[in-house]
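Thanks for coming, everyone. Please look at the model on the screen, and I will walk you through it.

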Amino acid sequence: APDVVVADAAVADVTSERAALDATTDAAEFDVAPPDAAVFDVARDVSVDAPADPLGVSRDLRVIVEPSEHGAALIAAIRGARRSVHMTMYLLSARGVIDALVDAQRRGLEVQVVLNRTLPGGAAANTASYDTLTQAGVATRWAPSRFDFTHEKCVIVDGAEAWVMTMNATQAGLDTNREFLVVDHEPDDVRDAESVFLGDFAGTPVTAYAGRMVLAPLNAQAR
């Protein structure tokens, strides 16, 4: 199988102002037709030459190209979780995603969310979603202030799979943008993603990382 390097990198009505913010902050590439096969088994369908890496490469990956299914697989994964859902999100406003998180909380799962707090220029982000989740009992935290922005979009389900995405959980992200969602089942990658999440959720971000992911700001420039 070819080698591939993994790059690292929710209940209320959305107001018109929030929708306008999504439209202006979510980078969109409209009207780009997805390929016929929108879900790929990386080991089978993608050929990428990977550089020599003593840490090895990730192989147990699946890639979803949006807007082929409008976030349906991500929402299904959250609704299908049995133990836990851990989410870090730059922008969160899509009603389907928020409803899935609240439903998971009501089912008794451990649901924890880290949200980015500000946007370039100082505008507030995610306040309505933060309030909705908190009122529904979902443990929600603002991302650590030591980072200018937490641009990460990652969802870890049951400690068994990590969704590492370019996609924000906004309606534009689900419906009209060209996005890539990588579903990673490699145990080492998922464990590392969990460690990063738990540090950010606790307000004590990891300060050193020697694993396989590309993790800004710790090792992104070097890699």
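Which residues of helix 4 are buried? They are Val 97, Ile 98, Ala 100, Leu 101, Val 102 and Ala 104. Keep in mind that this is a predicted model.

Look at the spacing in that list. An α-helix has 3.6 residues a turn, so residues three or four places apart point the same way. Now, what covers the buried residues of helix 4? The cover includes helix 3, residues 72–80, and helix 5, residues 127–135. It also includes helix 6 at 171–175, strand 3 at 84–89 and strand 4 at 110–115.

A quick check on the length. Helix 4 runs over residues 95–106, which is 12 residues. At 1.5 Å a residue it should span 16 Å, and its end C-alpha atoms are 16 Å apart, so the two agree. After helix 4 comes Gly 108, with a positive phi near 90°.

Two packed helices are described by the angle between their axes and the distance between the axes. For helix 3 and helix 4, the axes come within 8 Å and cross at roughly 10°. That makes helix 3 roughly parallel to helix 4. Which residues meet there? From helix 3, we have Ile 75, Ile 78 and Arg 79. From helix 4, we have Gly 96, Val 97, Asp 99, Ala 100, Leu 101, Asp 103 and Ala 104. By class, this contact of helix 3 with helix 4 has 6 nonpolar, 1 polar and 3 charged residues.

On to the cores. In soluble globular proteins, nonpolar side chains tend to be buried together. Here the largest nonpolar core has 35 residues. Those with the most contacts inside it are Ile 78, Met 87, Leu 92, Val 97, Leu 101, Val 155 and Trp 163. Which element gives the most to this core? Helix 4 does, with 6 residues. Other elements giving two or more residues include helix 3, helix 5, strand 6 at 154–157, strand 7 at 161–165 and strand 8 at 179–184.

Now helix 7. It covers residues 187–202, so 16 residues should span 22 Å, and the end C-alpha atoms are 22 Å apart, which agrees. Its buried residues include Val 190, Ala 193, Val 196, Phe 197 and Phe 201. Also on that list are Asp 189, Asp 192, Glu 194 and Asp 200. What covers the buried residues of helix 7 includes strand 3, strand 4, strand 5 at 139–142, strand 6, strand 7 and strand 8. Gly 203 follows helix 7, and its phi is positive, near 80°.

Last, the backbone. Most residues other than glycine have a negative phi, and most peptide bonds are trans. Where are the exceptions? The peptide bond from Glu 66 to Pro 67 is cis, with omega near 20°. Pro 67 sits in the loop between strand 2, residues 61–66, and helix 3. His 70 lies in that loop between strand 2 and helix 3 too. Its phi is positive, near 55°. At 40% relative accessibility, His 70 counts as partly exposed.

Asp 158 also has a positive phi, about 55°. Its place is the loop between strand 6 and strand 7. Is Asp 158 buried or exposed? Buried, with a relative accessible area of 14%. Finally, a cis peptide bond joins Ala 216 and Pro 217, with omega about 5°. Pro 217 is in the segment after helix 7.

Methods: Residues are numbered from 1 along each chain as its sequence is written. This is a predicted model: local features need pLDDT of at least 70, side-chain atom pairs count only at pLDDT 80 or more; totals for chains, interfaces and linings use all residues. Side-chain values use heavy atoms; hydrogens and water are left out. Helices (H or I, at least four residues) and strands (E, at least two) are DSSP runs, numbered from the N terminus. The expected span of a helix is 1.5 Å times one less than its number of residues. Buried means under 20% relative accessible area, exposed over 50%, partly exposed in between (1.4 Å probe, protein chains only). Contact means heavy atoms within 4.5 Å. Axes are lines fitted to C-alpha atoms, for helices over the stretch in contact, and angles run from 0 to 180 degrees between N-to-C directions. Angles under 35 degrees count as roughly parallel, over 145 as roughly antiparallel, 65 to 115 as roughly perpendicular and the rest as oblique. Ala, Val, Leu, Ile, Met, Phe, Trp, Tyr, Cys and Pro count as nonpolar, Asp, Glu, Lys and Arg as charged, and the others, Gly among them, as polar. A nonpolar core is a set of buried Ala, Val, Leu, Ile, Met, Phe, Trp, Tyr and Cys residues joined through side-chain atoms within 4.5 Å.
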